[in-house]
Amino acid sequence: MTHPHQRLLIIDFGSQVTQLIARRLRELNVYCEIHPFNRVDDAFLKTFAPKAVIFSGGPASVFADGAPMPPAGVFDMGVPILGICYGQQVMMHLLGGKVERGHGTAEFGRAFVTPEFAQTPLLEGWFTDTANAGREQVWMSHGDHVSEIAPGFRVYGTSPNAPYAITADPSRNFYAVQFHPEVHHTPKGAKLYENFVRLAGFTGDWTMGAYREDAIAKIRAQVGDAKVICGLSGGVDSSVAAVLIHEAIGDQLTCVFVDHGLLRLNEAEEVVAMFRDNYNIPLIHAEESGLFLGALEGVSDPEVKRKTIGRLFIDVFQLEAAKVGGAKFLAQGTLYPDVIESVSFSGGPSVTIKSHHNVGGLPEKMGLKLVEPLRELFKDEVRALGRELGLPEQFIRRHPFPGPGLAIRCPGEITTEKLEILRRADAVYIDQIRKHGLYDEIWQAFAAILPLKTVGVMGDGRTYDYALSLRAVTSVDGMTADYYPFTHEFLGETATRIINEVKGVNRVMYDVTSKPPGTIEME
């Protein structure tokens, strides 16, 4: 029997930051699920039985044909509802207020909200900063705006271009804001969500201990007495998935580590040794570099690279499953950000950013079904689950490494020469980070070899070698990221080491792009 969590429903209207709402709630130990508006009807609401509902933002206008709308019955459930941006406009539109198009009242970016009327428990801790004259900074992103609030609502905050920036009908526990409290540009946004879930009566019953219990029960129910093979990369995701599944089904699990020739320096040996030294789980080391590099020869398009690697992973797992005999399931360490970036969670209305090699199901010919116990977790939650399971810190603190490996850190065509240069340069870079005591401050760091050569001078000779880009970011869950502010001394020292120690590189650059607008990986 699984843990009976209190549940909050997030209805997704297509915002690119809907997942950040879920992050804020999970930080409060509130179990929530994101479901697209077009899959939420009255029957779903009855089955899901949420304790509260949040309407996300979105790019649409309530006036557009087929504009995203929630089921009418959501307002009759008697549970608290919070509308965010487009979600506010939907609430006003459906409950008797008015929404108008721009007309000079659009707002994009930082704005300041001034309090109006009496306080509401939703805003406890807000409007207390005397340095800002009692105003609060928020992040706006809207064209349409509410021009008349619905009956029963009152105004609790205004901004220069949003006269109804914060509205509420406390008698029905309906709340609506025009800004985005989930983004860090709204400094007290987390406090607003904390107030909302407290108003809704959540007790914070969703913990990694409870998740572990649920996941083990679900794995046993799904798998039964069948055998499972697990794709192991040595990263925290697949390691946590493997240990969790092993706790659930024991020797029914076999792990498969695929060496696709796109790993970092000495990585295959280190991962296999690290796992075998710590766990008594059957592990197959599949050396398939020739297969992968042969298929990628001449390929430069990043989506083709990812899909080719994904297809070959499936082929190798199918082959190893046949050797194991009786395997009916393939386990993967797929995470929530992978799913969101590949296609909106549960088929929602937001756009695809990039394909992930481990997302999208399995081909029928494989004859296996997927086990993905981490599919709805963010990276920091996986690390917390790893600690709950007792994994060594060397697993838990390891920087993320993508399934396609160095293929997506080598823009353009992949060659053995580029891969060798990249391995050695990356090893020097990570060694520098460790020597300076920075490894645990950084979410992810890597080198990428650029598809261009530049002229340089070494000694008395001219060189014409590759340019290298270094990347390091800080993040909480991988959905957003900021570049790490290395000192110029560190960067100069690192560039000198790489150029002196790695043949084939004569220029080193540092990538200072945040996510968004960039992604963390180069491709």
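Me: How many of the 10 residues of helix α3 are buried?
Reply: In this predicted model, helix α3 spans residues 86-95 and is mostly covered. Its buried residues include Tyr86, Val90, Met92 and Leu95. The count of buried residues in α3 is eight.

Me: Which strands stand at the edges of the five-stranded sheet?
Reply: The sheet is open, with parallel pairing and the order β14-β13-β12-β15-β16. An edge strand has a single partner, so one side of it is left without a neighbour in the sheet. Neighbouring strands are turned by 30° against each other on average, direction ignored. The edge strands are β14 (283-287) and β16 (369-371).

Me: Which residue in β16 is the bridge partner of Ala331?
Reply: Strand β15 covers residues 327-331. β15 and β16 pair in the parallel sense over three bridges. In β16, Ala331 has as its bridge partner Val371.

Me: At what angle to β16 does helix α5 run?
Reply: Helix α5 is made of residues 208-223. α5 lies across β12, β15 and β16. Its angle to β16 is about 165°.

Me: How far apart are the axes of α13 and α14?
Reply: Helix α13 (residues 416-435) packs on helix α14 (residues 488-501) at about 145°. Their crossing is right-handed. Among the residues that meet there are Ile433 in α13 and Phe490 in α14. The axes are 10 Å apart.

Me: Is Val502 buried or exposed?
Reply: Val502 is in the loop between α14 and β20. Beyond its neighbours within four places in sequence, Val502 contacts Ile421, Arg424, Ala425, Val428 and Arg497. Its relative accessibility is 2%, and the cut-off is under 20%, so Val502 counts as buried.

Me: Which side chain makes a polar contact with that of His35?
Reply: His35 lies in strand β2 (residues 31-36). At 14% relative accessibility, His35 counts as buried. Its side chain has a polar contact of 2.7 Å with that of Glu33.

Me: What phi does Ala49 have?
Reply: Most residues other than glycine have a negative phi. Ala49 is not a glycine, yet its phi is positive. Ala49 sits in the loop between α2 and β3 and counts as partly exposed at 49% relative accessibility. Its phi is about 50°.

Me: What is omega for the peptide bond from Pro516 to Pro517?
Reply: Most peptide bonds are trans. The bond from Lys515 to Pro516 is cis, with omega near -10°. Pro517 is in the segment after β20. The bond from Pro516 to Pro517 is cis, with omega near 15°.

How values were computed
Residues numbered from 1 in each chain as written. Predicted model: local features only at pLDDT ≥ 70, side-chain atom pairs only at ≥ 80, totals over all residues. Heavy atoms only, no water. Pairing = 2+ DSSP bridges. Helix = DSSP H or I, 4+ residues; strand = E, 2+ residues; numbered from the N terminus. Axes fitted to C-alpha atoms, helices over the stretch in contact; angles between N-to-C directions. Contact = heavy atoms within 4.5 Å. Buried < 20%, exposed > 50% of the residue type's maximum accessible area, 1.4 Å probe, protein only. Polar contact = N/O pair within 3.5 Å; in protein donor to acceptor, adjacent residues only side chain to side chain. Left-handed = near helix turned anticlockwise from the far one by under 90°.
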